[in-house]
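Student: I have a structure open and would like to talk through a few of its features. Could we begin with one of the helices?

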Amino acid sequence: MKLSQFKFKLPEEQIALYPPHRAFENEDGSVERVYSRDMCRLMVVHRKSQRIELFKKDEKGKDTNEYLCFRDLVNYFEEGDTFVFNDSAVFPARLYGTKEKTDAKIEVFLLRELNEELRLWDVLVEPARKIRIGNKLFFDGEGPMVAEVIDNTTSRGRTLRFLYDCDHEEFKRELYSLGEAPLPRYIVDRRKAEPDDMENFQTIFARHEGAVTAPSTGLHFSKQLMKMMEIRGFNFAYVTVHCGLSAFDSIEVEDLTKHKMNSEQMMVTTEACEIVNKAKQQGHTVCVVGVSTARATETTVGTDGLLKEYDGWTNKFIFPPYEFGLSNAMLTNFYHPESTMVMTTAAFGGYDLVMEAYNQALAHGYMFGCYGDAMLLLDD
């Protein structure tokens, strides 16, 4: 397929800057938001019958004027069906420092720790043209946090050595206290990160730290919804994919077969395999939650259609045409034009049907991005 086949115009007002919420204006003019992560809209796409559902039904099965909301997904599954989640946890990866002598403000985006003992980190810097090997960056905080640039990795990439004399746990606490939620650029270019974002941009089932962007479809699940699903007899399996920034990289080639994804660390445990494979063998639906989870399960599924244990990395890029080996249902968000996430969604639901769903989402004012609305794709 071609990159240009995934091009569409996304209006500015349909990019979600906050999770679903009710806003209240205080007497001083400030705005207070009450968030409800599971109350976004839900579109249901049936890939075999080619149906697209937007509205709730009345007692006679006719469409009402009320849009489906995310909580309604429980009505499309039965006891024994299994959901596969990504339990990676984000950390406050974006921080700001000042360059020595010039006092220029520099954004530092932490990617991963390279060496615990030496305090080495792989980072991105902005503006990169101002940062060279040997430069020092100073960060505000309770302690004198300083970082020295010791290597260039890519055009924006650097290796930093943090100069902070303490044990590792104290260093991490101090470093993270300087950071903020690693919201995507399409949000922080429009508003600053806020304290609430560190909670909102984290799934409620996050357990293993390492992601620098949230597995966004999982953000819609609340404790109340998960309890409701548990009561209905749905099963949960967890894999770990430490989501990097490659999903947001611009694709530079028209021929998608020539695009290469950066690798992301992932792990599939014995327990996850047992839960998922039991559901498959008993004929139940297996629903992957989000593109990162789909990439992970497709990386490790065997030719027998069963999930295998894995501890390593994946650079799998899924785009049409592609036959999924494990899941027969998928939950996604609505993503930006020409993004790898749109392509993976189209690979699951079929290009024509998914692009028609996107056309309807645009026409009906659905919200796009990590804080936006959701799509459920079913194999019926």
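Student: Which residues of H6 are buried?
Tutor: In this predicted model, the buried residues of H6 are Val291, Ser292, Thr293, Ala294, Arg295, Ala296, Thr297, Glu298 and Thr300. Helix H6 spans residues 291-300 and is mostly covered, with nine of its 10 residues buried.

Student: Let us move to aspartate 197. Where is it placed?
Tutor: Aspartate 197 belongs to helix H3, which covers residues 197-200.

Student: Is aspartate 197 buried or exposed, and why?
Tutor: Aspartate 197 counts as buried because its relative accessible area is 2%, and the cut-off for buried is under 20%.

Student: What does the side chain of aspartate 197 contact?
Tutor: The side chain of aspartate 197 has a polar contact of 2.8 Å with the side chain of arginine 191. A polar contact of 3.0 Å joins the side chain of aspartate 197 to that of tyrosine 371.

Student: And what kind of pairing do arginine 191 and aspartate 197 form?
Tutor: Their side chains meet in a salt bridge, at 2.8 Å from N to O. Both arginine 191 and aspartate 197 are buried. In general, side chains of opposite charge can pair when their charged atoms come close.

Student: How many salt bridges does the structure hold?
Tutor: The structure holds 21 salt bridges. One of them pairs lysine 48 with aspartate 379, whose closest N and O atoms are 3.8 Å apart. This pair links distant parts of the chain, 331 residues apart: lysine 48 is in the loop between strand S3 (42-46) and strand S4 (51-53), whereas aspartate 379 is in the segment after strand S21 (374-378).

Student: How accessible are lysine 48 and aspartate 379?
Tutor: Lysine 48 counts as exposed because its relative accessibility is 60%, and exposed means over 50%. Aspartate 379 has a relative accessible area of 28%, so it is partly exposed.

Student: Glutamate 66 next. With which residue does it form a salt bridge?
Tutor: Glutamate 66 forms a salt bridge with lysine 56, and the closest N and O atoms are 3.2 Å apart.

Student: What are the relative accessibilities of glutamate 66 and lysine 56?
Tutor: Glutamate 66 is at 47% and counts as partly exposed. Lysine 56 is also partly exposed, at 21%.

Student: A change of topic: which residues gather in a patch of negative charge on the surface?
Tutor: The patch consists of Glu116, Glu117, Asp167, Glu169 and Glu170. Glutamate 116 lies in the loop between strand S10 (105-115) and strand S11 (120-126).

Student: Why does glutamate 116 count as partly exposed?
Tutor: Its relative accessible area is 48%, so glutamate 116 is classed as partly exposed; that class lies between the buried limit of 20% and the exposed limit of 50%.

Student: Finally, where is glycine 283?
Tutor: Glycine 283 is in the loop between helix H5 (270-281) and strand S18 (286-289). Glycine 283 counts as exposed because its relative accessibility is 63%.

Student: What separates the C-alpha atoms of glycine 283 and aspartate 81?
Tutor: A distance of 8.8 Å separates them, while the two residues are 202 residues apart along the chain.

Note on methods. Residues are numbered from 1 along each chain as its sequence is written. This is a predicted model: local features need pLDDT of at least 70, side-chain atom pairs count only at pLDDT 80 or more; totals for chains, interfaces and linings use all residues. Side-chain values use heavy atoms; hydrogens and water are left out. Patches are made of residues with over 30% relative accessible area and no salt bridge: like charges are joined within 9 Å, nonpolar side chains (Val, Leu, Ile, Met, Phe, Trp, Tyr) within 5 Å. Accessible areas come from the Shrake-Rupley method with a 1.4 Å probe; for residues, only the protein chains shown count as cover. A salt bridge is a side-chain nitrogen of Lys or Arg within 4 Å of a carboxyl oxygen of Asp or Glu. Lys and Arg count as positive and Asp and Glu as negative; His and the chain ends are not counted. The place of a charge is taken as NZ of Lys, CZ of Arg, CG of Asp or CD of Glu. Helices (H or I, at least four residues) and strands (E, at least two) are DSSP runs, numbered from the N terminus. Buried means under 20% relative accessible area, exposed over 50%, partly exposed in between (1.4 Å probe, protein chains only). A polar contact is a pair of N or O atoms within 3.5 Å; within protein, one must be able to donate a hydrogen and the other to accept it, and residues adjacent in sequence count only if both atoms are side-chain atoms.
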